[in-house]
Each structure stands twice: as structure tokens, then as C-alpha cells.
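Let's take a walk through this model, starting with its sheet and ending with a couple of loop residues. Have the viewer open as you read.

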Amino acid sequence: MKIIYIKLTDEEYKELEEKARKEGYVLMTDYIKAILFSPHSSEAYSLPQNVNDLVSQITSRLERKVQDLINPFTSQFEDLKKRIAEIVERIDELESKIESKPITKEERLPQPSQRKSFESTKKEGEKKTAIDILNEQGVVFESELKLKNADAYFSKLEREGARIIYTEKERIALSQEFFDKFIDKLKEIKSPDPAEAESKLDPKEAKLFKRLVSEGLIIFDGEAKTWKPLF
């Protein structure tokens, strides 16, 4: 016969004794034997193993599910990497071809027909500047312009070669060509009568002449018998 010793605290012994009494056992040893050899005791001991198996099954299923979700993205990523590698390879090929091919002087310079086409396209597409407009019109009066920044406008014209006349009321801009012709015509007018002098000028010149006379910037020189600008 084998003997098993179990060490219990006083509280544990009292609890075990109370359970034995409730179950109808007189001897404590009989109650302990009944617990150890009861059919339910084997189920109790096998439960943790069943739980482990269940956890293993759930884990395996989750791993398969996650893998199924990741696989499509992995495939797309690998395809993208492949395409990028092909593009890089093609670029390298093009660069090597360009570097290996010598460029002649004729290829570097545009042909006459190409230059002509480029220049004409540029002229058609270019926006006219203030000096371009002034060269076409000959003269512009500040009072007739709607400018947000008149100072900047006339300063820019002056820097680009325009002649600016400053009056008490306004600024007048003239292209150099218009200015030269205007002065030459004034020298040829010998009449001291302003109205007669205006009649010898074209409309734009006459308009400018009248404004400048009213401002005292053009006078008739009696000795030289001609109109003299004072600007």
C-alpha cells in the first residue's frame, strides 16, 4: 500500500472537511479518494488541453485569413517594383545612346527655316509692351490713360528711351522718332499765329502743339522767326 501525504493549511483543511461533511463522508480519506478517482476529475484535467487545441485552431485560421488579405497587395507591390525596374533600365539605355552619339554643329544650331519660323511665332505670340505701343502711337497723354501706377508707367517708358514732357497738369510721353519729327516741323513754321501753325501739323502733332503752347512750353521766337520748345 502506498501513502500520499498532503500538506494543508488550517483554513484549507477546514474547507475540505466541510465539503466532505456536506457530501456525506465520515472519513476525510474517503472523500479525497472519491475526488481523485471521480470520472469528472479526468475531464477537469483534460480541459486545459482542449482549450489549447481550440486556441491553436483559431490562431491557424487567423494566420490564413491575414495571409489571404496580404497576398493581393504583395503581388501588386512586386509588379510595381518590376515596372519601375524596366523604366529605369529604358532610361539608362536612352542616356547611353545620347551620350554615345556626337552632336554636330549643324544639329546644335537651328536651320534658317527653323529660326525664321521661331522668330515669326515669337512675334505673333508676344504681348506688346508699353514702349511698343508708344512707338506705334507716337505720343500718349497721361490724362487719357487709366493707369493704376502712372509713376511706374512713365518711369519705365523713360528708361526704355521715350521722351517725357512734364507739364503742370500731366505727363506726356513721346517716342524718339515722333519727337524728332515734331521738332523738325516746328523749325519750318514761320507764322507766329498758333492756329496757322497747328494747320501745318498732322492731328497728333497739332494736339501736342496746342497742349504745350497752353502750358507755355512752346513759344514763338521773334528773332529766329520760329517756334521754340522750352523742354
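## The three-stranded sheet

Three strands make up an open sheet, in the order E1-E3-E2 with antiparallel pairing. Strands here are DSSP runs of E with at least two residues, helices are runs of H or I with at least four, and both are numbered from the N terminus; two strands pair if DSSP finds at least two bridges between them. Strand E1 (139–141) and strand E2 (163–166) sit at the edges with a single partner strand each, so one side of each has no neighbour in the sheet. From one strand to the next, the twist averages 20°. (Axes are lines fitted to C-alpha atoms, for helices over the stretch in contact, and angles between N-to-C directions run from 0 to 180 degrees.)

This is a predicted model, in which local features need pLDDT of at least 70 and side-chain atom pairs count only at pLDDT 80 or more, while totals for chains, interfaces and linings use all residues. Residues are numbered from 1 along each chain as its sequence is written, and side-chain values use heavy atoms, with hydrogens and water left out.

## The hairpin and the helices on the sheet

Now for the E2 and E3 pair. The two form a hairpin with 4 residues between them, and 4 bridges join E2 to strand E3 (residues 171–174), running antiparallel. Ile165 has Ile172 in E3 as its bridge partner, and Tyr166 stands opposite Arg171 in E3.

Which strands does helix H8 touch? Helix H8 (residues 176–188) packs on the sheet and touches E1, E2 and E3, with its direction at about 95° to that of E3; contact means heavy atoms within 4.5 Å. Helix H10 (residues 203–214) also lies across E1, E2 and E3, running at about 45° to E1.

## The largest pocket

The largest pocket holds about 480 Å³ of space. A pocket is found on a 1 Å grid over the protein atoms alone, as an open set of points where a 1.4 Å probe fits, with protein on both sides within 12 Å along at least five of seven lines; its lining residues have an atom within 4 Å of a point. Grid points are joined across faces, edges and corners, and the volume is the space filled by probe spheres set on them.

There are 15 lining residues, and Ile3, Ile4, Thr29, Ile32 and Lys33 lie nearest the centre. Helix H1 (10–23) and helix H2 (28–36) are the elements giving two or more residues to this lining, and H2 gives the most, with 5. By type, the lining splits into 12 nonpolar, 1 polar and 2 charged residues.

## Two loop residues and the whole chain

Lys225 lies in the loop between strand E4 (218–221) and strand E5 (226–229). Its phi is near 55°, a positive value in a residue other than glycine. Lys225 is partly exposed, with a relative accessible area of 49%; buried means under 20%, exposed over 50% and partly exposed in between, using a 1.4 Å probe and protein chains only.

Asp193, in the loop between H8 and helix H9 (194–199), is partly exposed too, at 37%. Asp193 and Phe220 are 27 residues apart in sequence and 8.8 Å apart in space, C-alpha to C-alpha.

Zooming out, the protein chain has 10 helices and 5 strands, and 19% of its 231 residues count as buried.

How values were computed. Ala, Val, Leu, Ile, Met, Phe, Trp, Tyr, Cys and Pro count as nonpolar, Asp, Glu, Lys and Arg as charged, and the others, Gly among them, as polar.
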